Structure formats: structure tokens, C-alpha cells
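Me: I would like to go through this structure step by step. Could we begin with the ligand and then turn to the helices?

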Amino acid sequence: MSVNVTRRERPGETGFAAERISERRIDNGAAERRALVAGLRSAPASIAPKYFYDARGVQLFDAICELPEYYPTRTEAAIFARYREEIAAAAGSDREFVDLGAGDCAKAVQWFPFVAPWRYVGVDIAPDALVPALARLASTYPAIDVCGVLTDFTHGLDLSRDLAGDATTFFYPGSSIGNFTPMEAARFLHAIRRHCRHDGSGLLIGVDTKKDRARLEAAYDDAAGVTAAFNRNALAHVNRVLGTCFAPDAFAHVAFYNERDSRIEMHLEARTAQTIVVDGIARTFAAGERIHTESSYKYAPEEFSAMLERAGFAHVQCWQDDAGDFAVYYGA
Ligand code: AVJ
């Protein structure tokens, strides 16, 4: 896979050297495509949530984070702001700071004055936001060793070649862990814990909590229809990847809280019967048939603390807003 990170720094230019970025994505475009095709042919059909995040999807997600109904982003930010010093004291300073799903690095940067990392590693699946952000960080913080890793860590987390191998703070905010099933989440937490071999290492993570159905469902089905557009945009993205002819507007946005499994589910429901040629084979979606696009799991603080402990984290601390709408954890 070719990535536009080959530009070398010239004198007076704040470029970002390619050597500072590790490309760990295996070029498995064919396998990704096969998985997507298989998901569409299955009954029930599914599309993995990563297909939300093309350029338009990233913009729509940013818009979701500003919605009055979507409380997670602003509640996490409020918890971080309110308990910044206490959380920083738990995590310690002068660590290597590893930002999982860094994006534009904006959330991590807010911690820099409080935890003074000597090295920052931004990890993301896509270079588009990450690489320019790393370039800005490197020039703003010349004392910090700024690096990036491009990898799809939903397939497993192996940073053994990319970490300096000293005390490390892992940062996984935004309840991104909610897209994993609880079993996958437990495996992922174990993988992070295996990288925490040195004293002073730990994980700082933000996780959404269970709450009343009406508020959860409003957060994933907002009045302005931004989440609906975000959900349908997966079809436009799939059309580009597979050359399919999904009409996004022919599918209704469906989001509900599955209380038994403690997860929000998002689906796209065919408004009328649709026949789509998927890789040469016709696939008919009956009227009312759904394509599952996302699960977003919610955890009570005692449940998630226990998961962290089972993964090997000790001294688990939890910070919440007064309403208990969101939770931030640090485990060593
Ligand atoms: C990025 C997975 C944390 O589950 O709340 C927001 C994605 N989907 N609205 C979430 C999402 C619909 C979000 N995560």
C-alpha cells in the first residue's frame, strides 16, 4: 500500500520524515474485500463499522460529536478537564504515550502539559489526519520524540517493534472499545496489558455507561439526522470499494438499544425490495431486511473495572461525571 509520507524535511520546512512513521498495515485489500462481500451475502447481512470512516464519514462523525443528543464526547472531555491532575498523577509523567486511534491527536495533546511524555506514538488505521497532525506536533513540541504507526489494530495489537520499551501510558478514549464484542474487548485489553511490562505503565481509557434507553437511543438517532446520514454513508463507501449500486436513500436508519446484550445496534433497513449485484452475484434484500452496521457496547463501571482487572490491570481507578453518563478508567 502506498502512503504519501515520503516527503523529506528541507531546511526551514516543518515536514515530517517518513522514517518516523511505521507502516504496519499488511496489504490485505483482497481479504478485506472478501470479508465485505461475505458480510453482504450473509443473512443477516453486515458491514463492518470501519466502512463508516471515509472522508465524508470522518466529517459526519465530527458533526455527531457536536450534537446535543450525543453526550459521550463532551462528557468525556468534561471528566478529563475536571480530574486532569488526579488522572495525570495516577498515570505519571515522563512516559512513552501511546495514542490508540489517534486521528488528529487533539485529545492526546491536552494531556501533554500534565503528563509530559518524552515520546508520543500516534496509532491509527489511516494516515490522512494522523500524518499532518504528527508534523504539527513535532514542530510544536521539539522535546518530544513524535512517531506514528499505521495499523488496523482491530485485527490484533502488536506494537513490539514500535515502542521504546520503557514505562508506557496507553490512551484509548471515546468509548471506541464499544465497537468490539465483550470477548474481543477482553482480548484487546489483554494485548494492551502485555505491552505494559515496565513499572509505571498503564491504560487510560474512556468507556460509555449503561443508561436509560431513551437517552441512548436519541444519541444514535438524532433529530437532525446526522447519525442517519453517517450510517447510510457506509453504503456510498461500499459502492466505491466493491462497485456496487446501493442507493443509500433506499435504506432507513435503524438504531435501538439491545438491553439483553447491553449494546446499541445500528442497521440499514431496506425500505422496499432491493437487488444489488455484489461481486457478480445478485443479492436481494427483501423489504424490511436489515444490514447490521454497528454495535456499540455499554458497560457499568463495576463491570468494566472487573474486565480491566481480569486483563491484568491493577489499582484500577474510575472517574465519572455527576450523572454517571460516561466513565474514565486508569489501570496500571
Ligand atoms: C466511535 C464507536 C465510539 O459507538 O458511539 C457514533 C460511533 N456511531 N454514532 C459510538 C458512533 C454512531 C461511536 N464510536
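Predicted model: local features only at pLDDT ≥ 70, side-chain atom pairs only at ≥ 80, totals over all residues.

Me: Which atom of the ligand lies 2.5 Å from a polar side-chain atom of Tyr-220?
Reply: That is an oxygen atom of the ligand. Ser-296 also has a polar side-chain atom facing an oxygen atom of the ligand, at 2.6 Å.

Me: And what about Glu-294, which kind of ligand atom is 2.6 Å from its polar side-chain atom?
Reply: For Glu-294, the ligand atom is a nitrogen.

Me: Now the helices. What describes two packed helices?
Reply: Two values are used: the angle between the axes and the distance between them.

Me: What are they for α7 and α10?
Reply: Helix α7, residues 182–194, packs against helix α10, residues 301–310, at an angle of about 45°, and the axes are 9 Å apart. Because of that angle, α7 is oblique to α10. The crossing of the two is right-handed.

Me: Which residues make the contact?
Reply: From α7 they are Pro-182, Ala-185, Ala-186, Leu-189 and His-190. From α10 they are Phe-304, Met-307, Leu-308 and Arg-310. By type, this contact has 7 nonpolar residues, 1 polar and 1 charged.

Me: Next pair: at what angle do α2 and α9 cross?
Reply: Helix α2 (residues 55–66) and helix α9 (residues 226–242) cross at roughly 160°, and their axes come within 9 Å.

Me: Why are they called roughly antiparallel?
Reply: An angle over 145 degrees counts as roughly antiparallel, and α2 and α9 cross at roughly 160°, so the term applies to this pair.

Me: Is that crossing left-handed or right-handed?
Reply: The crossing of α2 and α9 is left-handed. Arg-56, Gly-57, Leu-60, Phe-61, Ala-63 and Ile-64 of α2 meet Val-226, Thr-227, Ala-229, Phe-230 and Asn-233 of α9. These residues divide into 7 nonpolar, 3 polar and 1 charged.

Me: Changing topic to the backbone: is the peptide bond from Ala-43 to Pro-44 cis or trans?
Reply: It is cis, with omega near 0°. Pro-44 sits in the loop between α1 (29–41) and β2 (45–46).

Me: And what is phi of Ala-116?
Reply: Phi is near 40° there, a positive value in a residue other than glycine. Ala-116 belongs to the loop between α5 (112–115) and β4 (119–124).

Methods: Residues numbered from 1 in each chain as written. Heavy atoms only, no water. Axes fitted to C-alpha atoms, helices over the stretch in contact; angles between N-to-C directions. Helix = DSSP H or I, 4+ residues; strand = E, 2+ residues; numbered from the N terminus. Parallel < 35°, antiparallel > 145°, perpendicular 65-115°, else oblique. Left-handed = near helix turned anticlockwise from the far one by under 90°. Contact = heavy atoms within 4.5 Å. Nonpolar A, V, L, I, M, F, W, Y, C, P; charged D, E, K, R; others polar. Polar contact = N/O pair within 3.5 Å; in protein donor to acceptor, adjacent residues only side chain to side chain.
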